[in-house]
Amino acid sequence: MINNLQSTTTLSNGVKMPRFGLGVFKVEEGPELVNAVKFAIKYGYRSIDTASIYGNEEGVGQAIREGIGEAGISREDLFVTSKVWNSDLGYESTIEAYETSLKKLGLDYLDLYLIHWPVEGKYKEAWRALETLYKEGRVKAIGVSNFHVHHLEDLMKDAEIKPMINQVEYHPRLTQKEVHTFCQEHGIQLEAWSPLMQGQLLDQPVIQEIGQKYMKSAAQVILRWDLQNGVITIPKSTKEHRIIENASIFDFELTNDEMEQLNNLNQNLRVGPDPDNFDF
Ligand SMILES: NC(=O)C1=CN([C@@H]2O[C@H](COP(=O)(O)OP(=O)(O)OC[C@H]3O[C@@H](n4cnc5c(N)ncnc54)[C@H](OP(=O)(O)O)[C@@H]3O)[C@@H](O)[C@H]2O)C=CC1
């Protein structure tokens, strides 16, 4: 049942991951970051998505420590994700990157560690490192990000363990049908980044009209659509009122017809780079 903010989905290895969380891309270290993560925890979010390249793991860690203290919950109640950056892909270097992320976050394990981008010639060694970390029990789940079907197929040819997650750009303008279907067939959970298309979809008339019926904002309609499509979603906001708004999506249900209308907005349009064509 997707009936509350703490609803989880069970990954292929049995780990439960919240279907909804907070993203913190482009939020620099400082009070705005710490407050955003703390608001989120206070209002019931249980999943936080960061990455070493965001340069904010220390603040996220501080906010987690303070936030769980104030909310009276424990570390185990939270699901924390980070990602290994491109320049650290390699066996030893990925293990070192994991240790550095842990140190910065002040945590002794992550719930999920992802390969951030499928850098050709490098992601397989990095995957071996993630497998080691997983087998040693140092991380609860491992996965990838920005992997097309051909990247997944290539990785899985040599992998001992299948990725549990693929985190990709996903919103009504980019419904990722091919990779979504592939992931469903292989038990890989899809997770949406930039679910709100970084704010660019909020004036879209079809989305707004659906929202009016339920007295919901365009952002809430999109995030509900993610959940009903079985996709984990991690919208970013640093504003307290939007952190609350984005999570207030568990009291309405889109009809099949509305889901279809939203699916039909797809234009294969990206706000981020295509994983087949990036140079960082
Ligand atoms: N794996 C990867 O390669 C990537 C992963 N990600 C992850 O996905 C997360 C989400 O993606 P992100 O790119 O941040 O973009 P989102 O699609 O989540 O959009 C965030 C933007 O929308 C605004 N916003 C949020 N909620 C509302 C609302 N209810 N009404 C109006 N505006 C709103 C925010 O502004 P404000 O803060 O002012 O509210 C911000 O400008 C990231 O933070 C990151 O964790 C993102 C990119 C790449």
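Me: Which helix gives the largest share of the shell around the ligand?
Reply: Helix α9 (residues 240–247), with three residues. Helices here are DSSP runs of H or I with at least four residues, strands are runs of E with at least two, and both are numbered from the N terminus. This is a predicted model, where local features need pLDDT of at least 70, side-chain atom pairs count only at pLDDT 80 or more, and totals for chains, interfaces and linings use all residues. Residues are numbered from 1 along each chain as its sequence is written.

Me: Which residues come nearest to the ligand?
Reply: Gly-23, Phe-25, Trp-193, Leu-196 and Lys-236, out of 28 residues around the ligand. A residue is near if its C-beta atom, placed from the backbone, lies within 6 Å of the molecule.

Me: And what does the shell have by class?
Reply: It has 10 nonpolar, 13 polar and five charged residues. Nonpolar means Ala, Val, Leu, Ile, Met, Phe, Trp, Tyr, Cys and Pro; charged means Asp, Glu, Lys and Arg; the others, Gly among them, count as polar.

Me: Switching to the sheet. In what order do the strands come?
Reply: β3-β4-β5-β6-β7-β8-β9-β10, eight strands in an open sheet with parallel pairing. The edge strands, each pairing on one side only, are β3 (22–23) and β10 (232–233). Two strands pair if DSSP finds at least two bridges between them.

Me: How many bridges join β9 to β10?
Reply: Two, between β10 and β9 (residues 189–193), which run parallel. Glu-191 stands opposite Ile-232 in β10.

Me: And how many bridges are there between β8 and β9?
Reply: Five, with β8 (residues 165–169) and β9 paired in the parallel sense. Asn-166 has Leu-190 in β9 as its bridge partner.

Me: Is β9 mostly covered or mostly open?
Reply: Mostly covered: five of its five residues are buried. Buried means 20 or more other C-beta atoms within 10 Å of a residue's own, exposed means 12 or fewer, and partly exposed is in between, with C-beta atoms placed from the backbone. Gln-189, Glu-191 and Trp-193 point one way from β9, while Leu-190 and Ala-192 point the other way.

Me: One more. Why does Asn-256 count as exposed?
Reply: Because Asn-256 has 8 C-beta neighbours inside 10 Å. Asn-256 sits in helix α10 (residues 256–263).
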